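Hello,

Here is the structure I promised to pass on. Please have a look at it first; my notes follow below.

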Amino acid sequence: MMLAQQAQQTAAQDKAPQTVAQQQAIPDAPKPQQPSPFDAVAPGKGTPADLSTSSNDDSDAPPTSLPQTAADKAAQGPPPEQPAAGQGPAAFTLHVQTNFVEVPFTVKDSKGRLVPGLTWRDVHVYENGLRQQMALFTTDAFPLSVALVIDQSMSYDDMTKVNNALEALPGAFAAYDEVAVFTYNNGPRMQTDFTSAQSARLSAVIERSKSTGREGAMAYTSGPLSQNININGGAQSYIDPNTNSTHGTSLSNTLNVPKEVHTLNDAILEAANHLAKTRPGRRRVIYVISDGKEYGSTASFKEVVKYLQTNKIAVYGTLVGDSSLPVVGFLDRIHLPYTMRDNILQAYAKQTGGNFEAEFRQRGIEDSFAKIAEEVRTQYTIGYYTHEPFIDGKYRTLEVKVMRPNLTVIAKAGYYPTAEDTRPSIVRGR
């Protein structure tokens, strides 16, 4: 009996260290913690609102694409439901008044170079002096609808430079651009309606639009053409009826030089009428190649500018001739009453948010085509929903500011509400 008890005690002592070792190998359980926010996530219920935000997101940033049209929304949505008999599509149609304002603008530095890389945080837009809440900011390039206006009333030398430079014009546009060509001398004339910028038709029309220009008026103050032709002199002499009866008299010093006619206003208005009919989603541009002179147009400058601002059309151009020279160009912008306007192209560009290049030489004229096309294609575009009623038709001033120093902003000075903006948009519902 004594031996049996000793054996049991020895076996118990051998198992005790093993039991302690096993208890020490088991780790302690974690302490209770607060419920995890991810416990609220369940399949099919989405992410809770408190988990979808962060401190460095751009949730308040404006979108980078234009607001979708009714056709886009209908195409992306589910198939339309079948209405009850007799109701038709009116059962799922909602008419909403639109008031979206789109403002393209260009930014340049002190050396006239384009400034890329701006964000929506760098830009403020004001309407009638009040800052607007931005609803769109994009740098995407828009396809261009360009109405090309060629001045044929320039002098022979200036017209020769333009004719030689026109061959480089189609290369400034992309294949998805469309171009219409207009010319003017004593009045505007459309050479072709909108056609592809890379088509053979455009090249042929540009070649056909070349002209010799306008010859300067000649005043004969001496020589045989300045005198009357008397036949059988004496008391029975008479004056040849094929000559001017004032030649050779005291009135010969009075010269009636015919006034030059440069119908630039009418030409821009004619081009704008065709641009206003182009489909939305394209940048509407009038590109003028001229010396900037205006005289004899039926339409006034204010009337044409109002039409341009109403239909979202910007005027760009290449200024040639004497007006392109620095000193002469500055003096030409000073308009005296009852005289011809020597440079009105700059005023059109300023009021519509466009720009122009002043070039005197042929090589500069060729380079200006590519510069203007690049400037239009790399514009920034912002948009906002105005709180002004669109039905009043009143003019609204616009101002775009960039919150960086030493930068120049080129944008239109204002706009008029259009019929397109006041037209209700159709939004399809389910």
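Axes here are lines fitted to C-alpha atoms, for helices over the stretch in contact, and angles run from 0 to 180 degrees between N-to-C directions. Helices (H or I, at least four residues) and strands (E, at least two) are DSSP runs, numbered from the N terminus. This is a predicted model, in which local features need pLDDT of at least 70, side-chain atom pairs count only at pLDDT 80 or more, and totals for chains, interfaces and linings use all residues. Residues are numbered from 1 along each chain as its sequence is written, and side-chain values use heavy atoms, with hydrogens and water left out.

Now the helix pair. Helix 6 (residues 301-310) packs with helix 8 (residues 345-352) at an angle of about 35 degrees, their axes being 10 Å apart. Their crossing is right-handed (the near helix is turned clockwise from the far one by less than a right angle). On the helix 6 side, F301, V304, V305, L308 and Q309 are in contact (heavy atoms within 4.5 Å) with A347, Y348, Q351 and T352 of helix 8.

K312 is partly exposed, at 33% relative accessible area (partly exposed lies between buried, under 20%, and exposed, over 50%, with a 1.4 Å probe and protein chains only). N406, also not a glycine, has a positive phi near 60 degrees. N406 sits in the loop between strand 15 (396-402) and strand 16 (408-411) and is exposed, with a relative accessible area of 65%.

Best wishes
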